[in-house]
Amino acid sequence: MGAISRWLDRFCYKHPRLGIPGLMKYIVIGQGIVFALLYIWPTLGYRLYSLITLTRAGLMRGQIWRLVTFVFVPPSSSPIFILFALYFYYMIGIGLENQWGKVKFNLYYLVGM
């Protein structure tokens, strides 16, 4: 495990421009927009929701954007819970990015998703 950690630290040191600064901000804003569209304008919201969710049938039809856009699917349909969830995601993400650095956090988040 130590060898992987050292390799990751060297990689992040050598490639500082690969990370997206404030990645969680963009993800939380995207999830908020999708939720707002689902709540305010359901016809457009559900059409957008069906285009960004990760489905096997969509991938088999060549819709490879689904491999990235499913990150913007909101975690819940409850208006009260979504506020807490998005705030929690943002706070945890910003804290980890400040502690680890943007490249390491971006790798962690994108590989984990």
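Predicted model: local features only at pLDDT ≥ 70, side-chain atom pairs only at ≥ 80, totals over all residues.
**Exercise 1.** Find which residue forms a salt bridge with aspartate 9, and state where the two partners lie in the chain.

Solution. 
- Step 1: side chains of opposite charge can pair when their charged atoms come close.
- Step 2: the partner of aspartate 9 is lysine 104, with 2.9 Å between the closest N and O atoms.
- Step 3: aspartate 9 belongs to helix 1 (residues 2-14) and lysine 104 to helix 7 (residues 102-112). The two residues are 95 residues apart, so the pair links distant parts of the chain.
- Step 4: the count of salt bridges by the distance rule, within 4 Å, comes to one.

**Exercise 2.** State how many helices and strands the protein chain has, and give their pattern along the sequence.

Solution. 
- Step 1: the count is seven helices and zero strands.
- Step 2: along the sequence this reads α-α-α-α-α-α-α.

**Exercise 3.** Describe the protein chain as a whole by its box, burial, contacts and accessible surface.

Solution. 
- Step 1: along the principal axes, the C-alpha atoms fill a box of roughly 50 × 35 × 25 Å.
- Step 2: the chain has 113 residues, of which 28% count as buried.
- Step 3: among contacts with a separation of 6 or more, 60% come from residues 24 or more positions apart.
- Step 4: the accessible surface is about 8100 Å², and carbon and sulfur atoms hold 70% of that surface.

Definitions and conventions
Residues numbered from 1 in each chain as written. Heavy atoms only, no water. Salt bridge = Lys/Arg side-chain N within 4 Å of Asp/Glu carboxyl O. Helix = DSSP H or I, 4+ residues; strand = E, 2+ residues; numbered from the N terminus. Buried < 20%, exposed > 50% of the residue type's maximum accessible area, 1.4 Å probe, protein only. Contact = heavy atoms within 4.5 Å. Areas by Shrake-Rupley, 256 points an atom, 1.4 Å probe, with all protein chains shown as cover.
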